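Please look at the sequence and the structure before reading on.

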Amino acid sequence: MITTSEQLVEHALKEYESPLIGFAIGIVRDHDRARDVVQDTFIRLYKQDVDKVKSGLKSWLFTVCRNRALDVLRKEKRMVSVDDEILQKEPSNVTSPDLSADRHERLDEVHQKMESLSENQQLVIRLKFEQGMSYQEISEQTGLSSSNVGFLLHNGLKKLREILPKDLLN
């Protein structure tokens with residue numbers, strides 16, 4: 001049973017640190033800045049009343065992480081491309097470097113095209129496809145209704161299909 005801030009943070013670190021870093025990287029496009037955002041998220045968690053946040057811990061963490069990441073972007077007033085080092089990390093079962101390079105170029109192009117979408121469309125697409133969240137989880141995290149999440153996903157993906165080169169859609 002979690003009763004102290006220390007226990008709550010320890011549990012949250014074990015359970016959510018990696019997914020939060022991946023989520024933050026998707027927003028700030030930099031591994032080091034993403035780690036800073038996540039660290040700040042856990043510092044803020046430590047300062048919270050345990051009883052108020054433990055029942056909705058996952059949603060609380062992702063919401064605070066998203067808000068901190070967006071604060072960082074606003075402060076810097078620019079978007080940063082994904083670090084090449086992050087893009088080059090592949091599972092050991094990938095055998096062909098040219099296929100790997102092609103995949104990274106394609107992902108980079110998709111990320112660049114996503115920047116033309118609204119902030120909310122980008123967010124729900126990332127939560128759905130990078131974090132594997134359900135409409136309900138996205139709704140809880142963002143404060144948007146489930147139907148609005150579906151609308152944003154539908155329109156965002158439709159716009160991506162229109163602006164992405166046809167060879168990327170296969």
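The text below treats the model's confidence, then the aromatic pair, then the core.

This is a predicted model, in which local features need pLDDT of at least 70, side-chain atom pairs count only at pLDDT 80 or more, and totals for chains, interfaces and linings use all residues. Residues are numbered from 1 along each chain as its sequence is written, and side-chain values use heavy atoms, with hydrogens and water left out.

The protein chain has an average pLDDT (the predictor's confidence in each residue, from 0 to 100) of 82, and 82% of the residues score at least 70. Among its elements, helix α5 (residues 84–88) has the lowest mean pLDDT, 58, while α2 has the highest, 93. Where pLDDT is low, the predicted coordinates should not be read in detail.

One aromatic pair is found in the whole structure. The ring centres of phenylalanine 23 and phenylalanine 62 are 5.3 Å apart and the planes stand at 65°, so the pair is edge-to-face (centres within 6.5 Å, planes over 60 degrees apart). The two residues lie 39 residues apart and link distant parts of the chain. Both are buried (under 20% relative accessible area, 1.4 Å probe, protein chains only), as the table shows.

| Phenylalanine 23 | α1 (residues 5–28) | 0% |

Definitions and conventions. Phe/Tyr/Trp six-rings, centres within 6.5 Å; stacked < 30°, edge-to-face > 60°. Helix = DSSP H or I, 4+ residues; strand = E, 2+ residues; numbered from the N terminus. Buried < 20%, exposed > 50% of the residue type's maximum accessible area, 1.4 Å probe, protein only.
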